[in-house]
Amino acid sequence: MMKRISLVLLFFCSLTSLFSQEAVVADTKMVLRSPDGNYRFSFYQKKKQDGSRQMYYTLSFKGKDVILESEIGVLIDNHLLESAMAIPNDTLKNWGDNLQLTGIDTLSVNKTWNPVYGERPSIPDHYQQIVLKFRKGNLEGAGSSDGYDKRRYYFMNVEIRAYNEGVAFRYHFPEAENGLFLHITGEQTQFTFPEGTLAWHESWAQGPFRLMPLEGWTEESERPLTLKLINGLTVALAEANMVDYARGKFALSKEKSNTLQLSMYASADIITAYNTPWRVIMVAERPVDLVNNNHIILNLNPENRIKDVSWIKPGKAIRSGLSQREAIACVDFAAQHGLQYVHLDAGWYGPEIRAQSDATKVHPDKDIDFPALTQYAAGKDIGIFVYINQRALYRQMDTLLPVLKKWGVKGIKFGFVQVGNQQWSTWLHDAVKKCADYGLLVDIHDEYRPTGFSRTYPNLLTQEGIRGNEEMPDAIHNTTLPFTRFVAGAADYTICYYNNRIKTTHAHQLAMAAVYYSPLQFLYWYDNPKMYTGEPEIEFFDKVKTVWDDTKALDGAIGEFITVARRSGEEWFVGTLNNTSPRTVSVNFNFLPAGKKYLATIYSDDDKAVTKTKVGIRKVTVSSKTVLQENLKASGGQAIWLKPL
């Protein structure tokens, strides 16, 4: 249960030498700490020479600097609306230059909640919060006239939360009594890092990573953005609850060195009351703790809005060719190998990029009977997914969804979605809501990055927004992803096991099913049932799950290797991915319950294996005291299935 308590607010305190005491507005200085005391978020305003005010913050973790003095605020241009309403225009350079602190609310929350599915059965929601209430303008004057208030005044709150998993802040605009909407042109939100910081820069959501200093960037970087500080800390900057706003990325500041500027794709027009997305800062001494703490993104989203969730079923999938014969073969394969879905991809209703292609009908050139296919599949407890390009979704959504429901289709993969501006952000999330009304699951492909919406609408099982096996990346990229893209949430990497274009070993691909989290997990993207010739290690794919009762990222280094253990019931599934250099790793089983023994089936690269995939299998008995030393090949990996004895 939530309850208000007194937080430690430090007024008229002596902060650090970074704060210019002559310029700091004394009664705006305050500090917020995380429940465990590790995070220390300091906020204050400074008065400029012209008398205007600017908001700043700093952040430390366990006494180490993370964010040095950085600006915080929103850029708003309302002069056209003000002119139309005969309100005097604001003459200040920045909208927030004359914000006056009028009050402070504090809150402490310590509870847990249970997701419909996820990487763990319950999620702690434990944080301290400060809400700083600001007013722009004043309430003096004539007030209401001709049915509306012509006084130029605004209200804005800065909401700051400190979790043990990270810190987040956003801007809230309370309902305005004078009827003004707001034209947000950008944010002043900055992140100034200590000199020497390096970032895993990624220009677009399906792009490659480059480890770069905070200088010389020619393009903005995607989010989450993971950084390495010279003091040994690892930091991730992320975005949460971005539903009807413009997407944010990170650009180098043109005025300040070692500083990232939050860059909005485009302006946003809002009507109060309104919350902007959360800006999230996660810090870890061990990089794998970014993985272990990624539920902070879900915590920053509203709770589940779907009352009956019995139809929401995660699972594993195989992609089929576009004929009834191929789809039936995939259904049979799925039933034999513990899969839950068969997916029919682009082209079943005609060329996806043509406006005249009708997604309510199967193209005459395609031999597909969806009602018959879904009925056959349902008899084997298999669901059917279909691909639909956004072009058809946008034009046909209201007529299309009832047709898919009538056919018995279980889910849609949205293709080539527009992302970035406010219009398409709003459309996309509204489309997911409409799918929920018809009991349809969703997988969003291409450039969409999650910000936690699956908590609110869990029919959104997964999304791409990742450089996966459609591009066939190398093992360095694959061992970077858990610490970067997967911090934001589930990702549809589209694992391929048999395709000859993969740049890793087959054991590496096998281990992805345990390392990479996706409630809808494609295991055979460019594969088909004929490629399977009895390889015994496919047993791991048959048994592995897609949602979990516990998850523990055990060890790893960004771009080098990672080991993740996940539990379903009493069974554990452990995956290790290695980069392009041979490596010896230790797998410590101290996550197992004490005094209990398990049979570990280990699937690893073995050049002596007689199969085309060269994966060997061995069995050993392990307990919580066991530590296995494993020699991994370059671009290799290892998967382990643990069953209690």
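User: Let's start with Phe-573: buried or exposed?

Analyst: Phe-573 is buried, because its relative accessible area is 0%. Buried means under 20% relative accessible area, exposed means over 50%, and partly exposed is in between, using a 1.4 Å probe and protein chains only. Phe-573 lies in strand 32 (residues 571–578). Helices (H or I, at least four residues) and strands (E, at least two) are DSSP runs, numbered from the N terminus.

User: Before we go on, what kind of model is this, and how are the residues numbered?

Analyst: It's a predicted model, where local features need pLDDT of at least 70 and side-chain atom pairs count only at pLDDT 80 or more, while totals for chains, interfaces and linings use all residues. Residues are numbered from 1 along each chain as its sequence is written, and side-chain values use heavy atoms, with hydrogens and water left out.

User: Which residues touch the most other members in the largest nonpolar core?

Analyst: That core has 100 residues, and Phe-370, Ile-388, Phe-414, Tyr-524, Phe-540 and Phe-541 touch the most other members. Apart from it lies another core of 58 residues, among them Met-156, Ala-246, Ile-270 and Ile-281. A nonpolar core is a set of buried Ala, Val, Leu, Ile, Met, Phe, Trp, Tyr and Cys residues joined through side-chain atoms within 4.5 Å.

User: How many aromatic pairs are there?

Analyst: The count comes to 36 aromatic pairs. Take Phe-169 and Tyr-171: their ring centres are 6.5 Å apart and their planes are at 75°, so the pair is edge-to-face. Rings of Phe, Tyr and Trp (its six-membered ring) pair if their centres lie within 6.5 Å; planes under 30 degrees apart count as stacked, over 60 as edge-to-face and the rest as tilted. Phe-169 counts as buried at 0% relative accessibility, and Tyr-171 is buried too, with a relative accessible area of 1%.

Analyst: Another edge-to-face pair is Tyr-524 and Phe-541, with centres 5.7 Å apart and planes at 85°. This pair links distant parts of the chain: Tyr-524 is in strand 29 (residues 520–524) and Phe-541 is in helix 11 (residues 538–543), 17 residues apart.

User: Which residues form an aromatic cluster with Tyr-524 and Phe-541?

Analyst: Phe-333, Tyr-497, Tyr-498 and Tyr-532 are in that cluster along with Tyr-524 and Phe-541. Tyr-524 counts as buried at 2% relative accessibility, and Phe-541 does at 0%.

User: Where does the charged end of Arg-455 sit?

Analyst: It sits over the ring of Trp-113, 3.7 Å from the ring's centre. Arg-501 lies over the face of Tyr-526, at 4.7 Å from the ring centre. A charge sits over a ring if NZ of Lys or CZ of Arg is within 6 Å of the ring centre and within 35 degrees of the ring normal.

User: New topic: what joins the side chains of Thr-613 and Glu-537?

Analyst: A polar contact of 2.6 Å does. A polar contact is a pair of N or O atoms within 3.5 Å; within protein, one must be able to donate a hydrogen and the other to accept it, and residues adjacent in sequence count only if both atoms are side-chain atoms. Thr-613 lies in the loop between strand 34 (598–605) and strand 35 (615–622), and Thr-613 is buried, with a relative accessible area of 3%.

User: What about Lys-614, buried or partly exposed?

Analyst: Lys-614 counts as partly exposed, at 34% relative accessibility. Lys-614 is in the loop between strand 34 and strand 35, and its phi is near 55°, a positive value in a residue other than glycine.
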